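Here is a friendly walk through one protein model. Keep the structure open beside the text and look up each residue as you meet it.

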Amino acid sequence: MESKTDEFQEESLKAMDYLIETSKKVLAKIKNLGVRVQPVHLDLHPHNTLFEGNELKAILDYDGCCVSELIREVGFILHRAVRQYVVNQGIPHSDRERIKREIKNGREVFFEAYEKINPLTPKEKSLLPFFIQDECLHKVHSLLNKHYLGAGTPWIKELPKQIILLKEGEYFYD
């Protein structure tokens, strides 16, 4: 019988080539960009918001707040909001073309609303997919670091999810 540790190591090793290649691609693109930096939440998604009807009443979970790139935050919000939109459409995972189409539709709706408040430059928009993937890579690194350096983390079960989110980031490239 395989232990949870063996199972985790097997899953980690399966993803390693993909993680390394994606890291190289993303880091090459976002290094020294000179983009806007400001305080950001870095975990803003539908499950960290409280609404009453259509009115936002509260934002939760501020432990990830820091000063970082604005487009990192926008990319994270865009990814998670559009992901939730696609999930709510009930599209089967096997229907990749429909998923891509709905992501494009969700992205357009998001930008239409967001840019009324804070317009993004064309450069920022073009970099969003790289920041979406970079944020996922940060989370994968943190999980692996805690697991292999012995600190342990109850969040290690999130590794497969983060790898899925990393792969989903590819859908945001035009």
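## A pair on helix H3

Glu-97 is exposed, with a relative accessible area of 53%. In this report, buried means under 20% relative accessible area, exposed means over 50%, and partly exposed lies in between (1.4 Å probe, protein chains only). The partner of Glu-97 is Lys-100: their side chains meet in a salt bridge, at 3.9 Å from N to O. A salt bridge here is a side-chain nitrogen of Lys or Arg within 4 Å of a carboxyl oxygen of Asp or Glu. Lys-100 itself is partly exposed, at 39%.

Why are Lys-100 and Glu-97 separated by about one helical turn? Because they sit three residues apart in helix H3. Helices (H or I, at least four residues) and strands (E, at least two) are DSSP runs, numbered from the N terminus.

## What kind of model this is

This is a predicted model, in which local features need pLDDT of at least 70 and side-chain atom pairs count only at pLDDT 80 or more, while totals for chains, interfaces and linings use all residues. Residues are numbered from 1 along each chain as its sequence is written, and side-chain values use heavy atoms, with hydrogens and water left out.

How many salt bridges does a search of the whole structure find? The search finds ten. One of them joins Lys-57 to Glu-55, with the closest N and O atoms 3.5 Å apart. Lys-57 is partly exposed, with a relative accessible area of 47%, and Glu-55 is partly exposed too, at 46%.

Arg-72 forms a salt bridge with Glu-69, and here the closest N and O atoms are 2.8 Å apart. Arg-72 is buried, with a relative accessible area of 6%. Both residues belong to a network of salt bridges that links Glu-69, Arg-72, Asp-134, Glu-135 and Lys-139.

## Following helix H4

Helix H4 runs over residues 122-148.

Look along H4 and you will find a bend of about 40° at Leu-128, with a proline, Pro-129, following within four residues. The bend at a residue is the angle between axes fitted to the seven residues ending there and the seven starting there. After H4 comes Gly-150, whose phi is positive, near 85°.

## The largest pocket

The largest pocket has a volume of about 610 Å³. Of the 21 residues that line this pocket, the closest to its centre are Asp-43, Asp-61, Lys-139, Trp-155 and Gln-162. To find pockets and cavities, a 1 Å grid is laid over the protein atoms alone: a cavity is a set of points where a 1.4 Å probe fits but cannot get out, a pocket is an open set with protein on both sides within 12 Å along at least five of seven lines, and lining residues have an atom within 4 Å of a point. Grid points are joined across faces, edges and corners, and a volume is the space filled by probe spheres set on the points.

Which helix gives the largest share of this pocket's lining? It is H4, with six residues. By class, the lining divides into four nonpolar, eight polar and nine charged residues. Ala, Val, Leu, Ile, Met, Phe, Trp, Tyr, Cys and Pro count as nonpolar, Asp, Glu, Lys and Arg as charged, and the others, Gly among them, as polar.

## The second largest pocket

The second largest pocket has a volume of about 460 Å³. Among its 13 lining residues, Leu-44, Phe-51, Ile-77, Phe-110 and Tyr-114 lie nearest its centre. The lining has eleven nonpolar, two polar and no charged residues. Helix H3, where we began, supplies the largest share, four residues.

## One enclosed space

The search also finds one cavity of 30 Å³ or more, and about 60 Å³ of space lies in the largest cavity. Its lining includes Phe-76, Glu-135 and Lys-139. H2, H4 and H5 each supply at least two residues of that lining, and the largest share, four residues, comes from H4.
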